[in-house]
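Trainee: Hi! Could you walk me through this one while I have it on screen?
Mentor: Happy to, let's open it up.

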Amino acid sequence: MCGILLKEILTNTNDQVINDFWEGVSQKGTPLVEDVNLKGKKLVTFLYKEVEPVDNVVVVLGPAGLDYKRNKMIQLPSTNIWFRSYLINGNPNFQYLLSPNDPLTYPIDYLPDYKKSAEREAGFIIDPLNKYPYPTNEP
C-alpha cells in the first residue's frame, strides 16, 4: 500500500494523499522491507516524517555505516517525506539511528574533540516509526 501511495505522491502532493501515506507507514512500521527479483536481496527504505523544518536527515549505522554525506536522505519535493533506500543481502535485522540536521562531517574529523562528538551524537534519534527496534531492551 505504501509503495502505491508513494508513487501517487510524486504526481500529487495533496495533503490527504500524504496523510494517507503516513497512516499506512505508521500501521506497517519502518523501515520498509521489500523483496526484489535478485536472489537473496531485499530493498530496505528508511523514512523520516518532517515535523519541523530540517536541512537534512542522515541514516546512521545499519546498512549505511558511518559515511554521513553518502547516506543523506532525499526529501520528496513539497512534502514532509524524507527517504533513503539500500539493497541489502539477507536478514534486515540491524541497529540504526536517524540524524536530523546532521553536520555531515566524518567522526574522525572530531577526534580528539570528544565534546563535539558527544554533541553530534546527542542529535541522533531512534526511528520513531520503527515498531521493532533491534535489539530490544527485553531479555
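Trainee: Let's start with helix 2: what span should its 14 residues have?
Mentor: At 1.5 Å a residue, the 14 residues of helix 2 should span 20 Å, and the end C-alpha atoms are 20 Å apart, which agrees. The expected span of a helix is 1.5 Å times one less than its number of residues. Helices here are DSSP runs of H or I with at least four residues, strands are runs of E with at least two, and both are numbered from the N terminus.

Trainee: Before we go on, what kind of model is this?
Mentor: This is a predicted model: local features need pLDDT of at least 70, side-chain atom pairs count only at pLDDT 80 or more, and totals for chains, interfaces and linings use all residues. Residues are numbered from 1 along each chain as its sequence is written, and side-chain values use heavy atoms, with hydrogens and water left out.

Trainee: Got it. Which residues of helix 2 are buried?
Mentor: Val17, Ile18, Phe21, Trp22, Gly24 and Val25 are the buried residues of helix 2. They cover an arc of only 160° around the axis, which puts them on the same side of helix 2. The arc is that of the directions from the helix axis to the C-beta atoms. Buried means under 20% relative accessible area, exposed means over 50%, and partly exposed is in between, with a 1.4 Å probe and protein chains only.

Trainee: And what is exposed on the other side of helix 2?
Mentor: Asp15 and Gln27 are exposed there.

Trainee: What goes on at the two ends?
Mentor: At the start of helix 2, a side-chain oxygen of Asn14 comes within 2.5 Å of the backbone nitrogen of Gln16. Just after the helix, Gly29 has a positive phi of about 90°. Pro31 sits in the loop between helix 2 (15-28) and strand 1 (32-35).

Trainee: Zooming out, how many helices and strands does the protein have?
Mentor: Three helices and six strands, in the order α-α-β-β-β-β-β-β-α along the sequence. Buried residues make up 37% of the 139 residues.

Trainee: Back to the rings. How many aromatic pairs are there in the whole structure?
Mentor: The search finds five. Rings of Phe, Tyr and Trp (its six-membered ring) pair if their centres lie within 6.5 Å; planes under 30 degrees apart count as stacked, over 60 as edge-to-face and the rest as tilted. One of them is the edge-to-face pair of Phe21 and Trp22, at 5.2 Å centre to centre and 70° between the planes. Both Phe21 and Trp22 are buried. Phe94 and Tyr96 have ring centres 6.1 Å apart and planes at 65°, so that pair is edge-to-face.

Trainee: Buried or exposed, those last two?
Mentor: Phe94 is buried at 15% relative accessible area, and Tyr96 is buried at 9%.

Trainee: Which residues do ring pairs link into a cluster?
Mentor: Phe46, Tyr86, Phe94 and Tyr96.

Trainee: Tell me about Tyr86, then. Where does it lie?
Mentor: Tyr86 is in strand 5 and counts as buried, at 7% relative accessibility. Its side chain joins that of Asn71 through a polar contact of 2.6 Å. A polar contact is a pair of N or O atoms within 3.5 Å; within protein, one must be able to donate a hydrogen and the other to accept it, and residues adjacent in sequence count only if both atoms are side-chain atoms. Leaving aside neighbours within four places in sequence, Tyr86 is in contact (heavy atoms within 4.5 Å) with residues including Leu43, Val44, Phe46 and Val59.

Trainee: Nice. What about the loop between strand 4 and strand 5?
Mentor: Asn80 lies in that loop and is buried, with a relative accessible area of 18%. A polar contact of 2.8 Å joins the side chains of Asn80 and Trp22. Ser78 is in the loop too, with a positive phi near 60°, and counts as exposed at 66% relative accessibility.

Trainee: And where is Asn101?
Mentor: In the loop between strand 6 (96-100) and helix 3 (114-122). Asn101 has a positive phi near 55° and is partly exposed, with a relative accessible area of 41%.
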